[in-house]
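Please read them with the structure open.

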Amino acid sequence: MIATELPSTSSEISRALRDIYPHVGRFERLLLRWRPYICPFHKILARVPPDSCTVLDVGCGIGIVSCLLAIFGQQSRFRRIVAFDVSKDAIRTAKQAKLRLGNSVDFQTVEKTSPWPEGPFDTVLCIDVIHHVRADEQNGFVARLTSCCHEGSTLIIKDISPTPWWKAIMNFLHDLFLSRQLVHHRKEQEIASWLEQLGMRVIENSRQDQLWYSHYLIVARNKSS
Ligand SMILES: C[S@@+](CC[C@H](N)C(=O)[O-])C[C@H]1O[C@@H](n2cnc3c(N)ncnc32)[C@H](O)[C@@H]1O
């Protein structure tokens, strides 16, 4: 296995995704090519602590972040990456991802109300999932995320922000036309305050807007660590 640095620019990630997903259709390939320019994957990867060995990717979709971590993480890092999603189709595509010899990700389909994979996990990722969870279920969903974190683990949440309103409309239209789903926006301040109430220490709550899309990135750790 070749140990290399995590990609640090949108264009590097775009190129990597072309190699990881040669099996997807033409339209999906086009989306994969451009998504790194509207979603700050490189900023997410940069927040994964270098001493993380075990990673849980909640709502992984086709597994973009997990595959990037598996391929580009240093040889000794990420001994176990578990990634799950409610979508069987997404997990089927994820399982076909072209990883380098020796890399692996444990992709699983998990029903909405089923138990999540057993930890402990050093890093828990939740990328662009919360806005797909019904507004009245989001608090409970965030509580589930924190329950996967042991003392010292890191929770990284990236999602779309409802402010400013015109960028929120762009997010809304994007998901309506590309995923045919309604978005359930939630202010990042509210997510951060839930995390604090749940015993996490928010160490970063930043805006990571790209083009006309508004993103926030929250990094939280156990208060005890
Ligand atoms: C916009 S996609 C993001 C996928 C991936 N995290 C990424 O950034 O490429 C949102 C994903 O969340 C998944 N999802 C929605 N609700 C979920 C839930 N309750 N549990 C697990 N996955 C969920 C959807 O099936 C979808 O694949």
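The points below cover the basis of the model, the sheet, the helix packing, the loops and the ligand shell.

1. Basis. This is a predicted model: local features need pLDDT of at least 70, side-chain atom pairs count only at pLDDT 80 or more, and totals for chains, interfaces and linings use all residues. Residues are numbered from 1 along each chain as its sequence is written. Helices (H or I, at least four residues) and strands (E, at least two) are DSSP runs, numbered from the N terminus.

2. The sheet. Seven strands make an open sheet with mixed pairing. Their order is β3-β2-β1-β4-β5-β7-β6. Two strands count as paired if DSSP finds at least two bridges between them. β3 (106–109) and β6 (200–207) are the edge strands, each pairing on one side only. From one strand to the next, the twist averages 15°.

3. β1 (residues 54–58) runs parallel to β2 (residues 80–85), and five bridges link them. Look at Val-58: its bridge partner in β2 is Phe-84.

4. Helices on the sheet. Helix α4 (residues 64–72) packs on the sheet and touches β1, β2 and β4 (121–127). Contact means that the C-beta atoms of two residues, placed from the backbone, lie within 7 Å. The direction of α4 makes about 165° with that of β2. Helix α8 (residues 188–197) lies across β5 (149–160), β6 and β7 (215–222). α8 runs at about 165° to β6. Such angles run from 0 to 180 degrees between N-to-C directions; axes are lines fitted to C-alpha atoms, for helices over the stretch in contact.

5. α1 against α2. Two packed helices are described by the angle between their axes and the distance between the axes. Helix α1 (residues 10–20) packs on helix α2 (residues 26–38) at about 155°, with the axes 8 Å apart. That angle makes the two helices roughly antiparallel. (Under 35 degrees counts as roughly parallel, over 145 as roughly antiparallel, 65 to 115 as roughly perpendicular and the rest as oblique.) The α1 and α2 crossing is right-handed: the near helix is turned clockwise from the far one by less than a right angle. α1 contributes Ser-10, Ile-13, Ser-14, Leu-17 and Arg-18 to the contact, and α2 contributes Leu-32, Arg-33, Pro-36 and Tyr-37. By class, this contact has five nonpolar, two polar and two charged residues. (Ala, Val, Leu, Ile, Met, Phe, Trp, Tyr, Cys and Pro count as nonpolar, Asp, Glu, Lys and Arg as charged, and the others, Gly among them, as polar.)

6. α6 against α8. These helices pack at about 50°, with their axes 10 Å apart. They are therefore oblique to each other. Their crossing is right-handed. Asn-139, Val-142 and Thr-146 of α6 meet Ile-191, Trp-194 and Leu-195 of α8. The contact of α6 with α8 has four nonpolar, two polar and no charged residues.

7. Loops to check. Gly-119 and Pro-120 are joined by a cis peptide bond, with omega about 5°. Pro-120 sits in the loop between β3 and β4. Thr-163 and Pro-164 are also joined by a cis peptide bond, with omega about -10°. Pro-164 is in the loop between β5 and α7 (165–178). Asp-128 has a positive phi, near 60°, and is not a glycine. Asp-128 lies in the loop between β4 and α6 (138–147).

8. The ligand shell. Which residues are closest to the ligand? They are Gly-59, Gly-61, Ser-87, Ile-127 and His-132, out of 14 that surround it. A residue is near a molecule if its C-beta atom, placed from the backbone, lies within 6 Å of it. The shell divides into seven nonpolar, four polar and three charged residues.
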